[in-house]
Amino acid sequence: MSKIKGFCCNYTLSVDIEALIKEGLVPEDLEIERLPCTGRLEVPQLLDAFSDGAEAVFVVGCQLDKCHNLSGSYRASKRVKYAKRILEELDIDPDRVEMFFAGRGETEPVVEAARIMASRSKG
Amino acid sequence: MIIAERKPMKELLEMVSDVKRLLIVGCRGCVAVCSAGGDKEVSILAAALRLGMKKAGKQIEIDEDTLVRQCDPEYIDPLNDRASDYDAVLSMACGVGVNFIADRCPDVNVMPALNTTFYGANLSSGEWKEMCAGCGACVLHLTGGLCPVARCAKSLSNGPCGGSQGGRCEINPDVDCIWQQIYDKLSSLNRKEELRQIMPIRDWTTAGHGGPRRRIREDLLP
């Protein structure tokens with residue numbers, strides 16, 4: 001398992017992750033899992049990522065008012081919030097999991113999210 | 001429905017600290033409806049315990065299952081056949097389910113994952129409120145359907161105490177005085193004169209003060 005795990009809505013990130021790593025735009029130990037919609041993401045997937053060795057986990061969904069499935073990224077943000085609560089109860093920094101939003105096909109917010117989470121994983 | 005909430009993770013981790021093989025069993029009854037112990041919550045708790053145990057440097061194998069209910073024998077008795085597979089069963093039912101498993105499954109080491117809190121209603125997503133105390137002697141026909149036993153901090157039977165101020169309870173300004181609400185409700189129904197009738201001193205034996213309660217309907221007995 002990579003140290004940083006990202007879950008991205010299929011409607012965000014339009015550039016191949018390997019290309020971004022090759023260009024040095026994102027950390028090498030980044031793994032991205034694409035989802036049909038971040039509303040599909042459940043809390044156990046976020047926690048399992050940590051159990052599998054990730055030091056930071058993030059989710060990038062569509063802008064709240066632009067979700068293809070209307071409330072998918074809103075649901076994802078609520079699940080990230082609950083995952084933070086559980087991490088806190090386990091004495092793990094809740095900032096190690098975060099929700100981000102991106103416009104349709106936008107890669108830059110995903111790159112930025114990966115960088116932010118890389119810095120948090122070193123904290 | 002019966003409202004419950006998950007115990008703090010620290011308490012749960014301590015509970016299972018020596019367990020190597022754990023079965024988490026949810027319930028699709030009340031606790032599933034109040035988002036405390038259904039399929040989803042079982043899966044979240046399993047993931048959280050795996051992470052917590054890993055962080056503590058301990059090994060644990062966790063299986064997950066959810067029963068239709070944990071308050072009927074036909075659903076929990078099969079746990080007897082599975083007892084040897086696990087060091088412990090962590091029940092995500094209310095206290096009824098935990099007790100019933102303990103009663104009927106002698107070889108199962110059952111533990112509670114939830115704190116059972118009250119009988120309540122769902123005000124909105126994520127918010128529940130106590131509405132009934134299960135006292136066994138309902139007076140709701142006298143109080144406009146509003147319960148002074150469950151919803152008055154002092155369970156008063158004949159009107160508010162001196163701490164009722166501006167329609168609020170003295171224990172917390174966010175809590176409505178139920179006796180003010182009873183008065184308002186009966187007034188709107190043109191029944192407020194009924195409040196002049198003094199309720200007799202309550203017999204609390206039906207509320208469990210006479211020991212564990214049992215109900216029998218002979219026409220349904222086998």
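Student: To start with, which residues does B:Cys132 touch, leaving out those up to four places away in sequence?
Tutor: In this predicted model, the residues that B:Cys132 touches, once those up to four places away in sequence are left out, are B:Tyr119, B:Cys147 and B:Ala150.

Student: And where in chain B is B:Cys132?
Tutor: B:Cys132 belongs to strand β7 of chain B, which covers residues 127-132.

Student: Is B:Cys132 buried or exposed, or something in between?
Tutor: B:Cys132 counts as partly exposed, because it has 15 C-beta neighbours inside 10 Å, and a residue would need 20 or more to be buried, or 12 or fewer to be exposed.

Student: How far is B:Cys132 from B:Met1?
Tutor: In sequence B:Cys132 and B:Met1 are 131 residues apart, while in space their C-alpha atoms are 9.5 Å apart.

Student: What domains does chain B have?
Tutor: Chain B is divided into domain 1, residues 2-118, and domain 2, residues 133-207, and the C-alpha centres of these two domains of chain B lie 37 Å apart.

Student: Switching to chain A, how do helices α2 and α3 of chain A pack?
Tutor: Helix α2 of chain A (residues 43-51) packs against helix α3 of chain A (residues 72-89) at an angle of about 45°, and their axes are 9 Å apart. That angle makes α2(A) oblique to α3(A), and their crossing is right-handed.

Student: Which residues meet there?
Tutor: From α2(A), the residues A:Val43, A:Leu46 and A:Leu47 meet A:Arg79, A:Val80, A:Tyr82, A:Ala83 and A:Ile86 of α3(A). The residues of this contact divide into seven nonpolar, no polar and one charged.

Student: How many residues does each chain put into the contact between A and B?
Tutor: Chain A gives nine residues and chain B gives 12 residues. On the side of chain A, the elements that give two or more residues are α2 and α3 of chain A, and α2(A) gives the most, with six residues. That side of chain A divides into six nonpolar, one polar and two charged residues.

Student: One more topic: what is the phi of B:Ser35?
Tutor: B:Ser35 has a positive phi of about 55° although it is not a glycine, whereas most residues other than glycine have a negative phi. B:Ser35 sits in the loop between α2 (30-33) and α3 (39-55) of chain B, and it counts as partly exposed, with 17 C-beta neighbours inside 10 Å.

Student: What about B:Ser155, and where does it lie?
Tutor: B:Ser155, which is not a glycine, has a positive phi of about 50°, and B:Ser155 lies in the loop between α7 (148-151) and β8 (168-169) of chain B. B:Ser155 is partly exposed, with 16 other C-beta atoms within 10 Å.

Key: Residues numbered from 1 in each chain as written. Chains lettered and ligands numbered in written order. Predicted model: local features only at pLDDT ≥ 70, side-chain atom pairs only at ≥ 80, totals over all residues. Helix = DSSP H or I, 4+ residues; strand = E, 2+ residues; numbered from the N terminus. Contact = placed C-beta atoms within 7 Å. Axes fitted to C-alpha atoms, helices over the stretch in contact; angles between N-to-C directions. Parallel < 35°, antiparallel > 145°, perpendicular 65-115°, else oblique. Left-handed = near helix turned anticlockwise from the far one by under 90°. Nonpolar A, V, L, I, M, F, W, Y, C, P; charged D, E, K, R; others polar. Domains from an automatic or database assignment.
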